[in-house]
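Please look at the sequence and the model first.

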Amino acid sequence: MIFIVVKFTIRPERSDEWLGLVEEFTQGTRQEPGNLFFEWSRSVEDPNQFVLVEAFKDGAAGEVHVNSEHFKKAMAWMPDLIAKTPEIVNVEVPSEGWSAMAELSPRG
């Protein structure tokens, strides 16, 4: 799978709007057949930073994603809201999704 993590630093005056603004982009991506997950989190250290964790079945699914209308539309308006260029990790891993952590499980 293609595993991607992106850190977005948003302009402080717009950060409270961010999750609402990316909702269409998020839902469009989650509906792509090759999308495995697409999840946003807000940093506990920087309220203006959001982390996107996403995965696609394979490179072809990733290509479909970046060529989709919802991706192109989001890339058109996002530059007005970001405070700096996003940071990204993009790797191919031999997996089909999340695995259970071996070192930790609930008691009881």
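Is Asp 16 buried or exposed? Asp 16 is exposed, because its relative accessible area is 68% and exposed means over 50%. The model described here is a predicted one.

## The sheet

Four strands make up an open sheet, ordered E2-E3-E1-E4, with antiparallel pairing. E2 and strand E4 (87-92) are the edge strands, each pairing on one side only. On average, neighbouring strands of this sheet are turned by 10° against each other, direction ignored.

E1 and E3 run antiparallel and are joined by eight bridges. Ile 2 has Phe 56 in E3 as its bridge partner.

## Helices on the sheet

Helix H2 (residues 23-30) lies across E2 and E3, and runs at about 155° to E2. Helix H3 (residues 59-66) packs on the sheet as well, where it touches E1, E2 and E3. The direction of H3 makes about 130° with that of E3.

In soluble globular proteins, nonpolar side chains tend to be buried together. Here the largest nonpolar core has 19 residues; Phe 8, Ile 10, Trp 18, Phe 25, Trp 40, Leu 52 and Met 78 touch the most other members. Strand E1 (2-9), strand E2 (35-42), strand E3 (49-56) and helix H4 (69-77) are the elements that give two or more residues to this core. E1 gives the most, with four residues.

Trp 40 illustrates the contacts. Leaving out residues up to four places away in sequence, Trp 40 touches Phe 8, Trp 18, Leu 19, Val 22, Phe 25, Thr 26, Phe 50, Val 51 and Leu 52. There is also a second, separate core of five residues, among them Met 1, Phe 37, Val 51 and Ala 55.

## Salt bridges

How many salt bridges does a search of the whole structure find? The search finds four. In one of them, the side chains of Asp 16 and Arg 42 meet at 3.1 Å, N to O. This pair links distant parts of the chain, 26 residues apart: Asp 16 is in the loop between E1 and helix H1 (18-21), and Arg 42 is in strand E2. Arg 42 is partly exposed, with a relative accessible area of 36%.

Glu 24 and Lys 73 also form a salt bridge through their side chains (3.0 Å, N to O). Glu 24 in helix H2 and Lys 73 in helix H4 are 49 residues apart, so this pair too links distant parts of the chain. Lys 73 counts as partly exposed at 46% relative accessibility.

Arg 14 and Glu 17 meet in a salt bridge at 2.6 Å, N to O. Arg 14 is partly exposed at 28% relative accessibility, and Glu 17 is partly exposed at 34%.

Conventions. Residues are numbered from 1 along each chain as its sequence is written. This is a predicted model: local features need pLDDT of at least 70, side-chain atom pairs count only at pLDDT 80 or more; totals for chains, interfaces and linings use all residues. Side-chain values use heavy atoms; hydrogens and water are left out. A nonpolar core is a set of buried Ala, Val, Leu, Ile, Met, Phe, Trp, Tyr and Cys residues joined through side-chain atoms within 4.5 Å. Buried means under 20% relative accessible area, exposed over 50%, partly exposed in between (1.4 Å probe, protein chains only). Contact means heavy atoms within 4.5 Å. Two strands pair if DSSP finds at least two bridges between them. Axes are lines fitted to C-alpha atoms, for helices over the stretch in contact, and angles run from 0 to 180 degrees between N-to-C directions.
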